[in-house]
Amino acid sequence: MVLSYILPSSETGSEKPEAKKGLRMSALFLGEVRDGLTMINMQSAFLIVSKQYTEKQAGILFFVFGMSQFLFQAPAGYLYDYTEQKVLWLSTAAVSTTLLTVITAMFAAPNGGNLAFMILIKFLQGAVTSFIPPGLNSITRGIVGGNGMTEQVSVNEMMNHLGTAIIVFIGSLVGYYMYPSLGLLFLVSPIACLGALLSLQSIPKQDIDHAAARGLESTAEQSTDNNYVSAEDSKASADGAADSDVIMAAQAESPWTVLRDPILLLFILAVFLFHMSNGTVLPLVMQTLALGGGGGGILMSGLCIIVAQLFMVASARTCGEYSGKYGRKKLFLIGLFSVPVRCLILTLLVRLRDTQGLEGSTLLKVVILSTQMLDGVGAGVFGTMYILVTSDLSQGSGRFSFILGLTTAAMSIGGTVSGYLGEALAQDLGYESAFFILMILSLAPALLYTFFMPETLSMKDPVTEGGEEEPSKTSYKELL
């Protein structure tokens with residue numbers, strides 16, 4: 001049923017069908033490695049439950065991983081704005097993070113005995129995963145152009161979340177049956193990586209317009225049906241620049257000009273605050289269900305991710321269908337305000353568990369698990385909309401990947417702070433207090449975006465007199 005909801009029955013009438021198919025399948029298999037967070041969350045549960053790490057030791061690894069991502073996100077985006085070897089860089093990043101995941105599972109010592117080595121591994125993993133989000137989205141923009149981003153990013157996100165759900169489901173079953181030898185569940189990572197490599201190699205290189213990929217639509221034609229006609233198809237390069245590793249675009253703004261945009265800076269702040277409050281909620285929920293639960297606890301913690309990812313599929317589709325019609329801001333706010341609601345419910349549920357002695361209650365665990373539907377709404381909306389807003393803000397600047405690197409870096413540093421803060425709060429004050437404090441913190445980005453962030457859709461897309469996006473001749477189902 002989920003597959004029929006996402007996968008296309010026909011690609012008739014869609015331009016660049018082979019490239020879009022490769023893009024979809026790449027997003028499906030990259031779901032497990034895209035930003036590293038899914039496997040980092042699984043690794044956290046693995047280290048705490050199977051390797052007897054403390055919450056603070058796991059938090060330190062989160063911190064190092066996130067700081068590394070923060071340091072490398074902007075340089076990675078800057079690179080993708082210039083290189084034409086986008087597929088090669090993305091493939092290399094996918095292989096590297098997979099190897100580091102396997103190393104974690106194989107060499108983590110009990111009780112954090114080789115914590116320094118694991119810190120080095122997480123630093124390297126944070127660095128290489130920084131090249132995945134800007135790589136996939138840069139290739140996407142190069143294939144569909146700015147006008148096609150709303151629909152295609154939604155498709156990418158749906159496939160991404162579906163891939164994550166499938167991989168985590170397989171891993172959770174392996175963990176359940178092999179408990180307590182949980183390291184074997186990470187064998188799914190190489191399988192996903194192989195699928196990603198094959199899918200990326202199926203994308204025809206000539207279908208990626210590298211000027212469009214960096215947000216310079218002025219160098220190519222844009223049709224009214226949201227299908228992008230590449231500059232290479234309309235004008236041959238006299239100096240053979242299409243075969244070069246680096247492209248030149250005099251129209252691109254300088255990084256310093258980009259950094260002086262107050263709306264971009266406000267958006268970066270909102271992104272940081274969202275992930276500072278939301279980043280650690282999932283691992284805390286997973287730990288709440290996994291601790292003391294044996295193999296069943298591991299299965300429940302894996303279901304946390306699966307439930308959330310399936311709801312993220314629906315959220316991503318909703319964003320693709322309605323963000324062009326109703327604007328980015330309204331949908332974004334739904335995602336932002338879902339976090340404090342979720343944290344409030346978790347606070348009450350954990351209090352009920354602790355005061356009534358319901359630690360072993362299956363019913364209560366199922367109810368706690370059901371709160372992941374709100375995670376699917378919050379993170380699902382955010383994961384799609386932050387890319388679209390970034391695309392809006394970068395229109396015509398020639399710095400799409402660089403700006404995406406900045407916003408993703410804000411996510412990373414926010415998740416870094418959140419990871420250590422949440423684990424420290426859980427260990428020192430208990431899970432109830434941790435969820436309550438995170439609820440208060442999560443109100444900040446929602447209120448900031450409500451009162452200070454403008455609608456960004458009009459900055460990019462052509463609109464009709466009624467204020468709605470010009471309808472596309474290519475249907476949404478065809479884009480799938």
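**Loops, burial and a patch**

Modeller: Start with N111, which sits in the loop between α5 and α6. Helices (H or I, at least four residues) and strands (E, at least two) are DSSP runs, numbered from the N terminus. This is a predicted model: local features need pLDDT of at least 70, side-chain atom pairs count only at pLDDT 80 or more, and totals for chains, interfaces and linings use all residues. Residues are numbered from 1 along each chain as its sequence is written, and side-chain values use heavy atoms, with hydrogens and water left out.

Biologist: What is the phi of N111 near?

Modeller: Near 60°, a positive value in a residue other than glycine. Q52 also has a positive phi, of about 60°, and is not a glycine. Q52 lies in the loop between α3 (37-49) and α4.

Biologist: Is S397 buried or exposed?

Modeller: Buried means under 20% relative accessible area, exposed over 50%, partly exposed in between (1.4 Å probe, protein chains only). S397 counts as buried because its relative accessibility is 4%. N111 counts as exposed, at 51%. Q52 is partly exposed, at 41%.

Biologist: Where does S397 lie?

Modeller: In the loop between α18 (372-394) and α19 (400-429). S397 and R214 are 183 residues apart in sequence, yet 8.0 Å apart in space, C-alpha to C-alpha.

Biologist: Which helix gives the most to the nonpolar patch?

Modeller: α6, with 4 residues. α4 (55-82), α5 (86-107) and α6 (115-129) each supply at least two. F123 is found in α6, and F123 is partly exposed, at 33% relative accessible area.
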